[in-house]
Amino acid sequence: MTKRALITGISGQDGAYLSKLLLDKGYTVYGGHRQSASGEFWRLTELGIFDRIEMVPFELLEPTNITRVLQKVRPTEVYHLAAQSFVGASFEQPIYTADVNALGTLRILEAIRSVDRSIRFYQASTSEMFGLIQAAAQAETTPFHPRSPYGVAKLFAHWATINYREAYGLHASCGILFNHESPLRGREFVTRKITRGLVDVHLGRREVLALGNLKAARDWGFAGDYVDAMWRMLQRPAGDDFVVATGHTHTVEQFLEAAAARLGFPIAWQGEGVDQVGVNAQTGRVVVRVDPAFFRPSEVDTLTGDARKAQELLGWTPTTTFQGLVEMMIDADRARATRTPTGD
Ligand code: NAP
Ligand code: F7E
């Protein structure tokens, strides 16, 4: 029988890569999307799969809609990727973020509980739950200490998923995914902001790129690798929780250096704190500066994932290095910039 997957957040980065993976495996893919004026599906178009997805209107704030979608689609697997996913915005919109990310997940779990308990469920948990880290490398057993309304809301959703597994026997899994990026990453996230911004600076389309905390460090992987781990979790005999990460950590500064190198120039750092600037060492021009407007009220300084459980039980390992990721993103943004005047 053909497997039927419902992906919430179909218009997002992970929704696009996961759709491609599942279509290639022969699934029928239903894409949950919320009503929006723009109705943008540029990622699905870029991957050439837009026409192969059955779109269903899906809104996390509306429980009656969620129940009707499950009754109509009758999925065998639900990949719950939809969220207010931008950490920075969660400080300005904490209640909305909690409603969408925490209660939204609970609404789906409740709908599964009443419609069909055999539906397998994937929850998009996050390394942001570790926040103020309690161990040098973070694994499934590491205590959580979220540092943003986003992280707090995701922690609720994480425990709700585990609770529904324990209380009602759902096949429900949490993927604790560390930052994963790609050419399809939203422009507000630091990696894509850097690759798009530096290409623009390099082409003389803008003067300088303004960023926040350059010392922040993340375990960055490639989104295309990470959606494969999601699928593997739902093929297990029972639900479980897995860290998905590369185990390698780099700072925002190091990301900038690698991105600039791909564009053919070295960055020299001058100054400290808010006065720090990045200079194109070939031209002497300032290309990066710090703008405190991008600082967060409480920051996650550094993250490093320990994905040994995923490796052992899922047979999952990342295929893309940090260097390969940066080069892939720079090359994609440079190609876009030469295709269109706005680089979109
Ligand atoms: P993304 O690109 O921001 O996509 C988020 C998706 O959620 C979009 O399709 C968005 O639709 C949808 N959405 C937002 N609010 C909604 C609502 N009220 N009802 C229905 N849909 C809604 O995120 P991503 O990077 O693909 O991440 C996928 C998931 O993994 C998210 O839950 C994120 O929090 C989590 N996660 C991401 C990372 C990472 O590094 N990427 C790491 C760990 C966990 P619109 O297009 O209409 O806005
Ligand atoms: O920030 C610093 C910023 O917004 C990374 C989401 O997918 O991954 C993502 O959350 C770091 C932070 O990602 C700028 O302060 C410096 O320390 O790219 P980001 P994030 O907050 O780690 C996790 C795992 C998720 O679950 C989330 O959904 O970079 N930073 N300067 C900046 N960040 C941004 N956005 N913009 C800057 O100018």
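A polar side-chain atom of Lys 193 sits 2.8 Å from an oxygen atom of ligand 2, a polar contact in the sense of a pair of N or O atoms within 3.5 Å (within protein, one must be able to donate a hydrogen and the other to accept it, and residues adjacent in sequence count only if both atoms are side-chain atoms). This is a predicted model, in which local features need pLDDT of at least 70 and side-chain atom pairs count only at pLDDT 80 or more, while totals for chains, interfaces and linings use all residues. Residues are numbered from 1 along each chain as its sequence is written, chains are lettered from A and ligands numbered from 1 in the order in which they are written, and side-chain values use heavy atoms, with hydrogens and water left out.

## The two ligands

Let's stay with ligand 2 for a moment. An N or O atom in the side chain of Arg 296 is 2.6 Å from an oxygen atom of this ligand, and a backbone N or O atom of Glu 188 lies 2.9 Å from one of its nitrogen atoms. Taken alone, ligand 2 exposes 690 Å², and the protein buries 96% of that; these areas come from the Shrake-Rupley method with a 1.4 Å probe, and for residues only the protein chains shown count as cover. There are 23 residues around ligand 2, and Ser 85, Thr 126, Tyr 150, Arg 296 and Glu 299 come nearest. To be near, a residue must have one of its heavy atoms within 4 Å.

Ligand 1 is surrounded by 24 residues, the closest being Ser 11, Arg 34, Ser 85, Tyr 150 and Lys 154. Its polar contacts include a side-chain atom of Arg 185 at 3.2 Å from a nitrogen atom of the ligand. A polar backbone atom of His 180 is 2.9 Å from an oxygen atom of ligand 1, and a backbone N or O atom of Gly 9 is 3.4 Å from an oxygen atom of the ligand. On its own ligand 1 exposes 900 Å², of which the protein buries 88%. Helix H1 (13-24), strand S5 (120-126) and helix H6 (149-168) each give two or more residues to the shell around ligand 1, and S5 gives the most, with 3 residues. Helices (H or I, at least four residues) and strands (E, at least two) are DSSP runs, numbered from the N terminus.

Here are the two shells by residue class.

One open sheet has 7 strands in the order S3-S2-S1-S4-S5-S6-S11, with parallel pairing; two strands pair if DSSP finds at least two bridges between them. Strand S3 (54-57) and S11 stand at the edges with a single partner strand each, so one side of each is left without a neighbour in the sheet. Strand S6 (residues 172-177) runs parallel to S11 and is joined to it by 4 bridges. Cys 174 has Asp 241 in S11 as its bridge partner, and Gly 175 has Phe 242.

Both faces of S11 (residues 241-244) are covered: Asp 241 and Val 243 on one side, and Phe 242 and Val 244 on the other, are all buried. Buried means under 20% relative accessible area, exposed over 50%, and partly exposed in between (1.4 Å probe, protein chains only).

A second open sheet consists of 4 strands in the order S8-S15-S14-S13, with mixed pairing. Strand S8 (209-211) and strand S13 (267-270) are at its edges, each with a single partner strand, so one side of each has no neighbour in the sheet. S8 and strand S15 (residues 286-290) run parallel and are joined by 3 bridges, with Leu 209 opposite Val 288 in S15.

Asn 65 lies in helix H3 (residues 63-73) and counts as buried because its relative accessibility is 15%. The side chain of Asn 65 reaches the backbone oxygen of Pro 57 at 3.2 Å.

Arg 74 is in the loop between H3 and strand S4 (77-80). Although not a glycine, Arg 74 has a positive phi of about 50°, and at 42% relative accessibility it counts as partly exposed.

Glu 110, found in helix H5 (residues 94-115), is also partly exposed, at 30% relative accessibility. The C-alpha atoms of Glu 110 and Asn 163 are separated by 12 Å, with the two residues 53 residues apart along the chain.
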